[in-house]
Amino acid sequence: MSHWARTAVMVANGRAGGAASVPVREVAETCRGLVGEVSVVRTGYPGHARTLAAKATRDGADVVLSVGGDGTAGEVAGGIVTAVEADSRLVGPALLGVPAGTGNSFYKEIWQDRPWYESIATALGGTRPHIRQLDLARVEETRDTVLLGACSGLVAEALDAAADLTRLTGRVRYQEAVATTLRDFVPHPARIVVDGEVVHDGSVILANVGGGRYRGGGFLLLPRSVLDDGLLDVCVVTGDLDPRELPGLTRNGRHLERSEVLYRRGRRIEIERTDGAPLTFEWDGEVQRGRARYALDVLPAVLPVLSPTGPP
């Protein structure tokens with residue numbers, strides 16, 4: 001049987017939170033049975049995955065596999081998109097995520113809880129690929145692209161805490177980080193603007209923009225989000241909610257039933273901390289510091305992603 005993909009590049013992050021559970025050599029061997037030529041490149045520093053994915057795009061790869069967590073997947077996506085933006089003659093390779101991080105929310109978004117080897121077999125094993133053209137977001141202040149989502153407050157602080165929990169891996173690591181963060185968590189004052197309209201100005205536990213429905217692998221923060229509808233969803237959890245209730249509520253999206261939670265859609269979302277302090281912010285699992293304001297604009301249908309032949 002002749003498979004559709006001729007060349008694939010694996011971008012592997014050996015520093016990801018759960019990398020030990022996904023052996024890179026085994027992933028490569030699985031792919032070599034389904035793709036004509038497979039090469040493996042490993043990241044050496046923050047941002048390296050973006051550079052490697054951009055090179056794979058310029059070299060004409062059919063598939064780029066992101067072996068790592070959400071941060072790695074976000075960098076790979078950014079490398080593909082920025083390479084195509086820089087040269088309109090290029091056709092972006094299809095992205096396939098392999099879960100080897102802390103939350104693996106991007107993988108869950110596309111493949112739910114299927115084992116990685118099943119998703120590879122499904123994505124690469126046929127004669128024609130099944131590809132979704134996903135939306136991304138762009139951060140105005142830094143020009144970075146955002147694959148899965150961006151968030152202020154509790155989520156960002158929990159991701160920061162997760163970096164110190166080296167004894168744990170995968171979703172358990174993030175869940176423990178959330179529990180640790182909640183012990184001393186204090187909401188922050190912020191203004192949230194959607195397409196020019198102020199939707200909230202006051203105390204905020206978090207403001208999550210996406211993108212993907214899940215954060216941290218198991219928290220359904222944006223249950224109404226669609227990855228290819230040309231819009232960004234934003235969920236604002238105000239300071240009127242007890243933060244300790246949030247992990248339980250977001251397991252199945254029940255937080256949207258609460259009056260303390262706002263949910264909107266738009267093409268441009270602005271989040272600004274209003275007390276002069278820097279906003280704790282993250283996108284695709286990478287924590288950012290130093291700015292009080294971030295604005296995100298949608299980039300519709302810019303990223304080809306391999307997905308199941310039916311709903312995940």
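Are helices H1 and H5 roughly parallel or roughly perpendicular to each other, and what does the crossing angle say? The tour of this predicted model starts with that pair.

**Stop 1: helices H1 and H5**

Select residues 24–32, which form H1, and residues 116–124, which form H5. The two axes come within 10 Å and cross at roughly 25°. Since angles under 35 degrees count as roughly parallel, H1 and H5 are therefore roughly parallel to each other. The crossing in which H1 passes H5 is right-handed.

Next, display the side chains at the contact. From H1, show Glu 26, Val 27, Thr 30 and Cys 31; from H5, show Trp 116, Ile 120 and Leu 124, which they meet. Sorted by class, this contact comprises five nonpolar residues, one polar residue and one charged residue.

**Stop 2: the nonpolar cores**

Keep Leu 124 selected and show its surroundings. Beyond residues up to four places away in sequence, Leu 124 touches His 3, Trp 4, Cys 31, Leu 34, Val 35, Val 63, Leu 96 and Leu 306. Now widen the selection to the largest nonpolar core, which has 50 residues. The residues with the most contacts inside this core are Val 63, Leu 65, Leu 96, Phe 106, Ile 120, Leu 124 and Leu 303. Another core, of 23 residues, lies apart from it; Val 236, Leu 262, Ile 271 and Leu 296 are among its members.

**Stop 3: Leu 136 in strand E5**

Select residues 131–139, strand E5, and pick out Leu 136 within it. Leu 136 has a relative accessibility of 1% and therefore counts as buried. With neighbours within four places in sequence left aside, its contacts are Ala 77, Val 81, Thr 145, Val 146, Leu 147, Asp 297, Val 298, Leu 299, Val 302 and Leu 303. For a distance check, select Pro 46 as well: its C-alpha atom is separated by 20 Å from that of Leu 136, and the two residues are 90 apart along the chain.

**Stop 4: backbone features in loops**

Move to Arg 143, in the loop between E5 and strand E6 (145–146). Its phi is near 70°, a positive value in a residue other than glycine. At 53% relative accessibility, Arg 143 counts as exposed.

Then select Asp 195, in the loop between strand E8 (188–194) and E9. Asp 195 also has a positive phi, near 50°. Its relative accessibility is 47%, so Asp 195 counts as partly exposed.

Finally, select Gly 210 and Gly 211. The peptide bond from Gly 210 to Gly 211 is cis, with omega near 15°. Gly 211 is found in the loop between strand E9 (197–210) and strand E10 (214–215).

Notes. Residues numbered from 1 in each chain as written. Predicted model: local features only at pLDDT ≥ 70, side-chain atom pairs only at ≥ 80, totals over all residues. Heavy atoms only, no water. Core = buried A, V, L, I, M, F, W, Y, C linked by side-chain atoms within 4.5 Å. Buried < 20%, exposed > 50% of the residue type's maximum accessible area, 1.4 Å probe, protein only. Contact = heavy atoms within 4.5 Å. Axes fitted to C-alpha atoms, helices over the stretch in contact; angles between N-to-C directions. Helix = DSSP H or I, 4+ residues; strand = E, 2+ residues; numbered from the N terminus. Parallel < 35°, antiparallel > 145°, perpendicular 65-115°, else oblique. Left-handed = near helix turned anticlockwise from the far one by under 90°. Nonpolar A, V, L, I, M, F, W, Y, C, P; charged D, E, K, R; others polar.
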